[in-house]
Amino acid sequence: MNYVDLFRVTLPETVLEIAALLVLVVDLGVVRKAALQMRLAVAAIVGIAGCGVAIWSLSMQGSTGLTYGAGNDLILLGVGGYIAAAQVGILVLTALTLLLLTGSVFTRNAGEYVAIVLMAAAGGLLIAAAQDLLVIFIGLELLSLGLYVLTAFAKASAKSAEAAMKYYLFGGMSAAFLLFGFSYLYGLTGSTNLHQILLQLHNGDLYQATPLLNVSVVLIVTGLGFKVAAVPFHLWAPDTYEGAPAPAAAFIASVSKVASFALLIGIATAAVHVFDVPGNAAASGQQLHLGFGGPWMVLLVTLSTASMVLGNLAALVQVSVRRLLAYSAIAHAGYILTAVAFFSYSPLSTNAILYYILTYGLTIIGAFGVISVVERATGSDRVDAFLGLQKRNPLLAAVLLVLFLSLAGIPPLVGFWAKFNLFAAVLSVSAGVVPFTLVALAVAMSAVSLYYYLQVLKRAYVMPAVDDTPIKAHPVTLIVLVAIAAAVVLMGCFPTVLQNWIAGF
Amino acid sequence: MLAWTIYLSFAGALIEALLPKGKAGLARWFALCIALLGLLHAVGGFIQGIGQGRNVIVDVPWVPSMGIHFLLAADGISRVLVLLTGLAAVAGILFSWNVEHRTNEFFAFYLALIGGVYGVFLSFDLFLLFVFYEIAIVPKYFLIAIWGSTRREYGAMKLALYSFVGSAMVLIGLLAAYSTAGSHSTSLIDLAHAGLPVSFQMWCFPLVFIGFAILAGMWPFHTWAPTGHVAAPTAASMLLAGVVMKLGAYGCLRVGMGLFPRGLDAWGWTFLGIGSWRDVFAILAVIGIVYGALVALAQTDFKFVIGYSSVSHMGFVLLGLMTLNQIGVTGAVLQMFSHGVIAGLLFAIVGRVVYDRTHTRQFAELEPMHLARRLPFAAWAFVIAGMASMGLPGFSGFVAELQVLIGAWIAKPWWTVAAGLGIVIGVAYTWRALQKAFFGDRLPTAEEHPKIGWPDLGAITWPEITGVALLTLTSFAVGLYPRILLDTIEPAVKALLAGGGQ
Amino acid sequence: MNELTTGFPILTLLTVLPLVGAAIALFSGKHARFVALVSALVSLAVAILIWMRLPIDGSIGMVEHAAWVPSLGIEYHLGVDGLGALMLVLSAIITLMSIDAVQREHHNPGLFFCLVLILESGLFGSFTALNFFHWFMYWELSLIPAFFLIKLWGGQRRGSAATQFFVYTMAGSVALLVSFLAVFLSTGSMNFIKLAQLASTGALEQMVTAHLGPVTMWLAIGVLAGFAVKVPLMPFHTWLPEAYAEAPSPVTMLLTGAMSKMGVYGLIRIALPLFGHQISQIRTPLLVLAATTVVMGAWAAAAQKDLKRVFAYSSVNHLGYCLLGIFALAVPAASHAAQASQAAALNGVILQMFNHGITAAALFWFIAMIQMRTGGHRGIEDFGGLRKPAPVFAGLMGIALFSSLGLPGLNGFVGEFLIFRGVFPLAWVAATVSILGLLITAAVILTVIQKVFTGPVAPHCTNFPDLHYGERMALAPVIGLMFLIGLLPQLIVDSVNPTVINLLAHWRF
């Protein structure tokens, strides 16, 4: 390992950090006296520019990752492949959440907000690429700490503070679990490198036998389950989604999810990769998809099942659209976990998961955008706040229609393709009763999900408006939302574009 | 030529949504033009297709990595059902001429639904078929929820969820078939030749079949149908009964039976005389026929009678499919067409001609109105539609149901007996509805002029007359000369049955 | 062969004519009656033309044959023999009478005459069809207008009467349909002639048994049930008195005069040729039912207080003779004598169909006149001494009544005589029992004559206007026809007899 390599590989993160500092400087130094909207706009523009440069800088990373160790054979940070795709996704989604800032009034600290977003995004980039326990942990903390602050950013709102406190407490605890689990792993194998750990476990025939390994896997899954808000570690999600300012909630729902699942892909890939090492393949033929072995898959299957069922059922009774989205996010996490549980080294699984989470992130940002506009006009995120939206702002209603139907998985919108891709991947990498049952459950549950999405759409389109006054949206917001909706439709009609893009890395 | 039916409808829906609001007339005429163009293409495609087998219309790779193609093709069954869709679409618009509330949105959803239906009938790629199938669900929901009547939100939600649950089952089956076949193609033709293992077909067939049959109104998954039909606005109930239920039946035939023909094989053991999925579904179909008819007999709401009658009539379609013989399946397809036309007509009369004028559908309130005198057009149109519906010879329903009955008799005679019972009850409920709604016994006397005490019902408008004429003449023409359709259906059914699928 | 059979589709023309008339009548408002009269007259003329141009050998002529739905064995197949042609003439006459009997001031005449003419078309169609589908279509087609005629213009309880009528007949139709389905499945044909040929060699039963097992008997029963309702045969008759009584009299004329004949016609054209053997096997119970119909019909007529119901039941009784004749002749005839008896019975049945049509229609016509003149009265006890204020009326109605009673010299006698002449050798017990029916009918009719025409003049009958000129002119041909047939039965028998011989030759019992 040398520092040139380090700089090369962490170029995007660096760009983001510089952009964050730049935002602060510009906000405090140049436009301090300007109106809030102006400051927000400037901060957002700088932040988006930062994201843009970071995306460009991805192409400067080169093709080899950051390695260390005696023969430079241990990878610290990966480069290219699904990692690059996830990173581009993170950056684009971050830029989109920044665009939603226009017209926001929840804070006066425009520069700080954008800076923290950028730093959190840098954490996201890190964990997407990390192949080492320590880097993973640092990245996670960088991301999480940013998210806690973002959640609390609406200083005037008690809800925001409460949500942040809950998020922080849960998050802190889960970080502790994760770290605890990592330490066991290190103790068992003497390495912090994912690949090395799994190789050790396999060679030492440890991967099924030790109770210690089981404990560590349980702890790690707990920590990661918290990040992706899988049941039963989901309790923070509804409160956070409800309490956080809309752009922050959008960020949490999209970018942090993308990063976390990229991390899961990383772990799963590493796990499967080990068994594909020549010489081991024959012996481990049957365990090809087992990853960590032991409780790893069982745990994921359990989390996935519980998330799908509970997330969807709990969403049925929500009256707050944000909470509804939170529970639906839990459900969506459940679907994806199915594919993580039944993973294969072939790019099929990776691509399907990425496809899902990226399109999901895009859609959910749009949804929060709509919510933020409605909230600003009505002061509430209750489903009844959407009454007569079709009359009050037809364009916004149309966007909502497209996004929610996509979340429900109605073809030809992109959400449908994502689901189809995902389930097809699960079934084609692993035959058997369990994966099939899980997919069947997921499909059945997405039928249930239509009910609550329709509850919102029903108010927007069907039920009479209580208040007929038109809702005005900031033109930039509107343009962003329409663009997102258009992307959802177009990607749905031409699903290969994104698929090829992901596969092209 | 046929593919244009799809493109036209979707483009029409888009343009319709963008038309300036408040110009109802423009929206109507535009929708009518689109529907007429669609019908024109459907008729053109039908005529072109006479004497031809299956022909591929469009075949473009869509998702090459998964072997998904945008593959539109048509065989005789498709052509007939596309024709039906064209007719139902035009008639539905004619009977929606009085929609004043959010007119352009109404027609936008309407045309989107039509486009989805055309798509399903023309898709020969399983995936594409499923996409179109789902596309049809959403507009349906909004059409009912926004423009419906009695308990519309409940009815709409129930319908949407039932449809979605059904399609979820189909999706599961689709995924399973796709991954089991491993052929990396979702073309129906390829999948049918993939040689899916019998044991797989055994469990996948019922899954997919039930998934589709939910939308076809198969007992006991039919409960969405009456509430949905009743809640829906006239045009939507016409489409629901006319074509959407046919989507389900078509899916059962094309996908369920086409891909998993061995799923109908005997299990090797019998329980209470039931020895295969075929027996199970045939019995459910027969129960549906009789049950739907019996329940229709007990209704007090005019539209519920028609709603349940649809369940009963669709039972014939499913029974016909389960006969697995040439004549029975042909009858089922013909019955799809026939019921599409007749149910559309019945719903149009009940919903548009009667309900929009009297604002009640309760027999108790309709009876003293003596509509036979005040709306003779409605009364006689219903008489004709009722005759067609109860399967009197000379109308399309007779030939269709006759073929189903014959097919069922060849398969298992007692099915025919039970289904025949359904026909008898069918006569009874139709006649009962007819009497109660139009020919009430409480005649106003000469002094008590009927006009007193009731609002003016308004004259019958030209779109209604045109619509009734269109559907009646179609049913009549097919009834008197069924060969116009049978000559097209028969070879397609033959090929489908012989090919062990496609 | 004459030129009509080769090319010109005269039977189609005959069937379509009333439909055209119906369409015109529907839109001609007050002039509908005139339109209907013209239409019915033209139809009668065509029917008589057909009757006169029949093949002499009693075979089926004027055949029109075209494929329709080959997969279902459905063909457009028309043709008539002596039986069919006679029924065509009868239908045309009855329709004409019925239209004549309608009051001039009538509400919604357009629709009324439209329905009457559609009904006529249905009758023509079902008497000419030689393919089951085609025949069934007309059989049902005639049902609908009849229903509405009762439903819309009937008396107090028209609703239930119409429904009963409809439901009963429809149930019978389903039985017929199911049976024919089975036959079609076994043979692949719906062609009556072809099926009859199969049956005459016993192949039909073999084919049915081969396809469906030993169900031929059940099929026969299904077909019989379908016709039995229409005729009606006891115990399927309960719809009849209600319907006849509640229907407006012109419609009752159509019901009893023509529509009830569809059932008898069906038995002769379809049931006996196809299922003769089965019918002969259950001949005894059928004869019991037929005899019951005869006796109980007459007995029930005696118990009625309403003139219309009296004649309704008496219709049941009269048609019972037809059934008696038909069932009695369903027996293998070894000897010449037996064959002669069969021929006599069948001739009698056909004659009786015609005569009962004319007579019963005339009687209901008279009742219509009574009702019109007395403002709706039609109870037996409501009248008295009508012959004093209205001698011509009393005289003419008396003739019709005597014809119904079966007085020699009038038309009613010939048919009943021939039936009994044929039935006695074939089934003497049934015949003997049925004689009882004759006696009771006589008593009933004499009672009617006595109560209505004789005795002191009832108070509201003193101003009973006699028949005016127009009515006399309208009735004269009918009464004349009664005498004509009574005195010269060979007018009909000569044209029917070859057909009868022809039919009997092809039946297998």
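**Exercise 1. Contacts within chain C**

Task: Among contacts in chain C between residues at least 6 apart in sequence, find what share joins residues at least 24 apart. Then describe the fold and its extent.

Solution. 
Step 1. In this predicted model, 80% of the contacts in chain C between residues at least 6 apart in sequence join residues at least 24 apart.
Step 2. Turn to the secondary structure: chain C has 20 helices and two strands.
Step 3. Compare the radius of gyration with the globule rule. The value for chain C is 22 Å, close to the 23 Å given by the rule for 509 residues, so chain C is as compact as a globular protein of that length.
Step 4. Along the principal axes, the C-alpha atoms of chain C fill a box of roughly 70 × 55 × 40 Å.
Step 5. Of the 509 residues in chain C, 62% are buried.

**Exercise 2. Confidence**

Task: State what pLDDT chain C averages, and find where in chain C the pLDDT is below 50.

Solution. 
Step 1. The average pLDDT of chain C is 80, and 98% of the residues score at least 70.
Step 2. The pLDDT falls below 50 over residues 1-5 of chain C; this stretch has eight contacts in the model beyond near neighbours in sequence.
Step 3. For the model, the scores are ipTM 0.86 and pTM 0.84.

**Exercise 3. Which chains touch**

Solution. 
Step 1. Chain A and chain C do not touch, and their nearest C-alpha atoms are 41 Å apart.
Step 2. Take chains A and B. Their contact uses 24 residues from chain A and 25 residues from chain B. On the side of chain A, at least two residues each come from α17 (414-429), α18 (433-462) and α20 (495-503) of chain A. The most come from α18(A), with 13 residues. By class, this side of chain A has 19 nonpolar residues, four polar and one charged.
Step 3. Take chains B and C. Here 26 residues of chain B meet 24 residues of chain C. On the side of chain B, the elements giving two or more residues are α18 (396-411), α19 (413-438) and α21 (483-498) of chain B. The largest share, eight residues, belongs to α19(B). This side of chain B divides into 19 nonpolar, four polar and three charged residues.

**Exercise 4. The largest nonpolar core**

Task: Name the residues with the most contacts inside the largest nonpolar core, and list what L319(B) touches.

Solution. 
Step 1. The largest nonpolar core has 636 residues, and L318(B) and L319(B) have the most contacts inside it.
Step 2. Helix α15 (residues 336-374) of chain C gives the largest share of this core, 20 residues.
Step 3. Leaving out residues up to four places away in sequence, L319(B) touches A282(B), A285(B), V286(B), I289(B), V404(B), A408(B), W415(B) and A419(B).

**Exercise 5. A hairpin in chain B**

Task: Decide whether strand β3 (residues 266-271) of chain B is buried or lies in the open, and describe its pairing.

Solution. 
Step 1. Count the buried residues. Of the six residues of β3(B), zero are buried, so the strand lies largely in the open.
Step 2. Find the partner: β3(B) is joined by two bridges to strand β4 (residues 274-276) of chain B, and the two run antiparallel.
Step 3. Locate an opposite pair: F271(B) faces I274(B) in β4(B).
Step 4. Look at the turn. β3(B) and β4(B) form a hairpin with two residues between them, and L272(B) in the turn has a positive phi of about 55°.

Definitions and conventions
Residues are numbered from 1 along each chain as its sequence is written. Chains are lettered from A and ligands numbered from 1 in the order in which they are written. This is a predicted model: local features need pLDDT of at least 70, side-chain atom pairs count only at pLDDT 80 or more; totals for chains, interfaces and linings use all residues. Two residues are in contact if their C-beta atoms, placed from the backbone, lie within 7 Å. Helices (H or I, at least four residues) and strands (E, at least two) are DSSP runs, numbered from the N terminus. Ala, Val, Leu, Ile, Met, Phe, Trp, Tyr, Cys and Pro count as nonpolar, Asp, Glu, Lys and Arg as charged, and the others, Gly among them, as polar. The radius of gyration is taken over C-alpha atoms; the globule rule is 2.2 Å times the number of residues to the power 0.38. A residue is buried if 20 or more other C-beta atoms lie within 10 Å of its own, exposed if 12 or fewer, and partly exposed in between; C-beta atoms are placed from the backbone. A nonpolar core is a set of buried Ala, Val, Leu, Ile, Met, Phe, Trp, Tyr and Cys residues joined through C-beta atoms within 7 Å. pLDDT is the predictor's confidence in each residue, from 0 to 100. Two strands pair if DSSP finds at least two bridges between them.
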